[in-house]
Amino acid sequence: MRIIRNTVAAAMLVILAACAAGNSNPFAGSWETTVSTPLGDQVGVWMIAPDGTGIMSSDQGDQAIDGIVVDGNNVSFDVDIDAGGQSLSLGFSGVIEGDSLTGAFGSDFGDFDVTGTRQ
């Protein structure tokens, strides 16, 4: 009886650990970012919530983002920003390695490289 109880307890711990790992979002947190644009580097802070929403903040203001997709260490999302009175659609694709982020925003004008460090 004791062996069965210990086996069941061990199985429950494995299941709980797997569920907890499945809910973790390696992108969640605060990221200090640099976006390389034709107008120079744009520095900002991205605040990312575990639920796949966030805010990109910079000298140009705040931009809400949602629909963030995290697949392992890969992250992607689409966002429309105000670029001097015109709407610019950007698609971000990047990779998280610990507290480092590398990737790029794709646009009709080419790619803008992005680097980031978790704060």
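**View 1. Surroundings of Ala-28 in the predicted model.** Apart from residues within four places in sequence, Ala-28 is in contact with Ile-48, Ala-49, Pro-50 and Arg-118. Ala-28 sits in the loop that runs between α1 (2-23) and β1. The C-alpha atoms of Ala-28 and Val-70 lie 9.9 Å apart in space, while 42 residues separate the two in sequence.

**View 2. The largest nonpolar core.** This core is made of 19 residues. Those with the most contacts inside the core are Phe-27, Trp-46, Phe-77, Phe-92, Leu-101 and Phe-105. Two or more core residues come from each of β1 (29-37), β2 (40-48), β6 (74-83), β7 (86-97), β8 (100-107) and β9 (110-118). The strand β7 gives the most, with four residues.

**View 3. Contacts of Phe-105.** Phe-105 is one of the core residues with the most contacts inside the core. Leaving out residues up to four places away in sequence, Phe-105 touches Val-35, Trp-46, Met-56, Phe-77, Val-79, Leu-90, Gly-91, Phe-92, Gly-110, Asp-111, Phe-112 and Val-114.

**View 4. The largest pocket.** The space in this pocket comes to about 740 Å³. Its lining has 26 residues, and the closest to the pocket centre are Gln-42, Gln-60, Ile-81, Asp-82 and Ala-83. The elements that each give two or more residues to the lining are β1, β2, β3 (53-58), β4 (61-66), β6 and β7.

**View 5. Residue types in the pocket lining.** The lining of the largest pocket holds 13 nonpolar residues, eleven polar residues and two charged residues.

Notes:
Residues numbered from 1 in each chain as written. Predicted model: local features only at pLDDT ≥ 70, side-chain atom pairs only at ≥ 80, totals over all residues. Heavy atoms only, no water. Core = buried A, V, L, I, M, F, W, Y, C linked by side-chain atoms within 4.5 Å. Buried < 20%, exposed > 50% of the residue type's maximum accessible area, 1.4 Å probe, protein only. Contact = heavy atoms within 4.5 Å. 1 Å grid on protein atoms, 1.4 Å probe; cavity = no way out; pocket = protein on both sides within 12 Å on 5 of 7 lines; lining within 4 Å. Points joined across faces, edges and corners; volume = space filled by probe spheres on them. Nonpolar A, V, L, I, M, F, W, Y, C, P; charged D, E, K, R; others polar.
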